[in-house]
Structures are given as C-alpha cells and as structure tokens.
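Hi,

Here is the structure I promised to pass on.

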Amino acid sequence: MKGFLEDANYSIGLLDEGMNIADVIDNYIYEHTLTGKNSFFIGDLGNLIKQHIHWQNVMAPIKPFYSLKCNSTPGVLEILSALGTGFACSNKTEMALVQDLGVSPENIIFTSPCKQASQIKYAAKIGVNILTCDNELELKKIARNHSNAKLLLHIATEDINGDEEMTMKFGTTLKNCRHLMECAKELNVQIVGVKFHVSNPCMESQAYKDAISDARCVFDMAEEFGFTLNMLNIGGGFTDHELDLEEINRVIIPLLGTYFPEESGVTVIAEPGCYYVSSAFTLAVNIFAKKAVQSGDRLLNKLEQTQNDEPVFFYYMNDGVYGSFGSKLSENLTTIPEVHKKYKEDEPLFASSLWGPSCDELDQIVESCLLPELNIGDWLLFDNMGSGSLGEQPAFNDFQRPPIYYVMSIRNWCEMQDAGFISDTLMKNFCFVPSCIQLSSEDGFSIAA
Ligand SMILES: *Cc1c(COP(=O)(O)O)cnc(C)c1O
C-alpha cells in the first residue's frame, strides 16, 4: 500500500480576510459543476488549531497522541505534527506516514491490540518502542520481534451505558496483569505503563474512576516485580463539543491528583482522534437521480407515512456508504445535510430520503428528513465528516476518494506562525486563495457564453 503523502501533491489555501469557508465551497461547487459534479471534501485546518488550543487550555498536563485511524490525510498529519502532537498508530502504513513527516519515534506509539509480527519488526526498526499489549500471546510475539519494546498493559474498562461489544473486546483484567508481568519478567520484556480506553467518556465518569484506580493497582503491582511504570494512557473517545472535554477534565484531573500526583513523575497521555478532525471537514455531494413516491407506496413502508397526499422524495447522491460515508455502516449517526442552493424561507418542505449511488439497500444515508424540493444537479453539504472514511485507504477497490481541498484562514495561519509552528515543509504547501472569479479562471475554467 502506498503512503498517501507520496502521491498526493496537496496545498492549503489561505483565506483572505473577509472570505469564509462558505465562499470557498461556493467556488468549488462552481468548479465541480463544470467538470463532472464529483463529490469533494473541504478541510478547514484552522479548526485543528482551534481544537489543539482548546485541548491545551483544558487538558494541559495530558499529552495528546492523535489516533491516525480517524483521518490520516496529509494536511491533517502535517498540521498536527507542526503543532507537536504525538501520534497513535494502529499499523505499519500509519507509522510510515508519520515517520515520513519527520516525527521523532518517541512521539509515535503503536497501539493496535493485535499486531502482525512483521509490523512489530518494523516498529523496532524505526525506533517506535511503546506498544500496547493485553494478552500473553501478544506479549510473546512482541518479545520475539522487538528487543527494545516498552509495553503499556491495556486494561479493560466497563462501559456502563451499553455498547459492550466495542469496549469489552480488548483490554485485560487486573488478575491477568499479574500473569503478564510474570511472563514479561521471564521473557525480559519491559513494562512501562498502563493504557485504557473509555469509548463514551462524556457519560462515563464512573468508568474513569474505575479505570484510573485499576491503573494505580497495576502500577503498585508492578513494583513487586521490579518494574517502574511511568506512563498512563487514558485512550480516546473525546467528542469535539467543547463542554464534553471540560466535563471529562472535571472528572479526570482530581482522579489523577489522587492516584497519580505530579510528584509521582508519571507521564499522562491520551489518544484523541475524532476530537481533532470531525468538525474540520465538510463533504459536498451531488444529486444525480430523483424519484417522487406517493404515500401508500410500498417503498415507504419503513418511512413515516406523510399525513396527506404529499409525495416523498428519494434522492440519489454520488457518494454513499461504499465511499465517503463508510462509517455509516458501523455507526448509525444521522446527519441532516445542508442544501447548498438558495431557497426561500417559506418554501414548502417535503419528506426526503437520501441514498448513495449503489442502489443497494444498505446504502441509505438519511432515512427521512424534511427538505425543500431538490433537482438533479443540486448539491448537499454534510458537516462533521472529518473522521471515518478519511482514515484508511479506501476499502472498496473501485472507490476513488473524492479530492480534499484544505483551507485555513490567514488569522489561523498567523497564529501558527507567531507560535513558531510553521515548518519549512508546511510553508511550501500554502497558497493564497484569491477571490472567486480568479480562482476559476486561473484553473483554466471559463464561463461559457
Ligand atoms: C479509535 C480509537 C481512538 C480514537 O478514538 P476517538 O473516539 O476518535 O477519540 C483511540 N484509541 C483507540 C484504541 C481507538 O481504537
């Protein structure tokens, strides 16, 4: 698999004062309308800076290791490495991406619960030493393939509000930690800390209480074995709502103060993913087919029936679950898109159902929402599309990821520069986005008379 950076020649458009994201989206929609109406992403990298500053204000002592699986596109990685975050990688491709950026191996951790031997060897080769581990077979595999490994024992957390499937799969018990330490002693593998992951933190203060006190037990247990642990990884799962981070902070900081006071010398890290990238990306899709269905039609059996004889509209968009909406297959988030074209405030709204292009039952993006009547060729904008399909390489071979247009306001750029965050590599990728008409003509488009 080829690194994304190698073949992507990307640039970051700097937005002049007075120009905002909506203007940029207008420009690209105009351009794409002329060139085949393909879907595209706009990534506002300024948003990453905002999220980082907020993290530093609220979570200060906790160093973020950004989880690449959420979005490993080049603009995101370059901005985050310029900001100085660490990186949590789950495979070799991800490690290679950040290594190519010049991130030092101390700032990379290898956190997949199940690692291939060849990838452990790769980590050893490039000097990525911190790995997570939650079972004996994995420990033995690491011992064989990485002589300088420093392990974080991954302990399980209990998810009180359901979603058990996701949280109980990985992580081990306190009892088994003792066993793993015995094995590590025997195999001469170093253990340096503990990791846990709470998948739904804003609702889970009890999960943090349990996990942090459990982690303390593991630290104490380790002393009996002659290990000195000095790292605690509190995982990811943070949303990008400001209040949620503050909420988590209110729960965590006192717990850390109790169990891991500053004088204990323990470094606390986290693996935020969505938190950094979700809200930074918008996806624009085009409607290429449309069907009006009268209520009573059997197609409507799953939809709410409309009260009167109004039609329900089925719209088919040129991107779906086998493309940029891939995460919809596992999470059932319903995002109601914004209609790009202008419409009157009093325009009638109709029950509408939004589908991807595959004509497959699973390829439903929004089951039902109220929208003005749309036409073929109209555009829809989906917000918060930054985490999901932008992590891995496209899962389906014939799917070509839509282009990503990165932008940043001049104000954000100056902030970064003032803080000394602009590296030379980053510098060369910036370009100015001139006003709307110029952008189109520069790129060789002209308006047909
Ligand atoms: C996905 C994942 C993260 C990041 O989760 P977010 O919800 O995006 O913060 C962190 N750690 C692990 C182990 C993960 O699997």
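**Rings and ligand**

The charged end of Lys 115 lies over the ring of Phe 110, at 5.8 Å from the ring centre. For that I ask that NZ of Lys or CZ of Arg be within 6 Å of the ring centre and within 35 degrees of the ring normal. Lys 185 has its charged end over the ring of Phe 227, 4.4 Å from the centre.

Before you go further: this is a predicted model, so local features need pLDDT of at least 70 and side-chain atom pairs count only at pLDDT 80 or more, while totals for chains, interfaces and linings use all residues. Residues are numbered from 1 along each chain as its sequence is written, and side-chain values use heavy atoms, with hydrogens and water left out.

On to ring pairs. Rings of Phe, Tyr and Trp (its six-membered ring) pair if their centres lie within 6.5 Å; planes under 30 degrees apart are stacked, over 60 edge-to-face, and the rest tilted. That gives 17 aromatic pairs. Tyr 28 and Tyr 405 are stacked, because their ring centres are 3.8 Å apart and their planes are at 5°. This pair links distant parts of the chain, 377 residues apart: Tyr 28 is in helix α2 (residues 21–35) and Tyr 405 in strand β17 (residues 404–409). Helices (H or I, at least four residues) and strands (E, at least two) are DSSP runs, numbered from the N terminus.

Tyr 28 is buried at 13% relative accessibility, and Tyr 405 is buried at 18% (buried is under 20% relative accessible area, exposed over 50%, partly exposed in between; 1.4 Å probe, protein chains only). Phe 281 and Tyr 406 make an edge-to-face pair, 6.4 Å centre to centre with 85° between the planes. Phe 281 sits in strand β11 (residues 281–294) and Tyr 406 in strand β17, so the pair ties together parts 125 residues apart in sequence. Both Phe 281 and Tyr 406 are buried.

There is also an aromatic cluster made of Trp 55, Tyr 66, Phe 87, Phe 238, Tyr 275 and Tyr 276.

Phe 238 turns up again among the residues around the ligand, which also include Ser 67, His 197 and Glu 271 (a heavy atom within 4 Å). As for polar contacts (N or O pairs within 3.5 Å), a side-chain N or O atom of Lys 69 is 2.7 Å from a ligand oxygen. A backbone N or O atom of Gly 237 is 2.7 Å from an oxygen atom of the ligand, and one of Cys 274 is at 2.8 Å from a ligand oxygen.

Cheers

Terms used:
A polar contact is a pair of N or O atoms within 3.5 Å; within protein, one must be able to donate a hydrogen and the other to accept it, and residues adjacent in sequence count only if both atoms are side-chain atoms.
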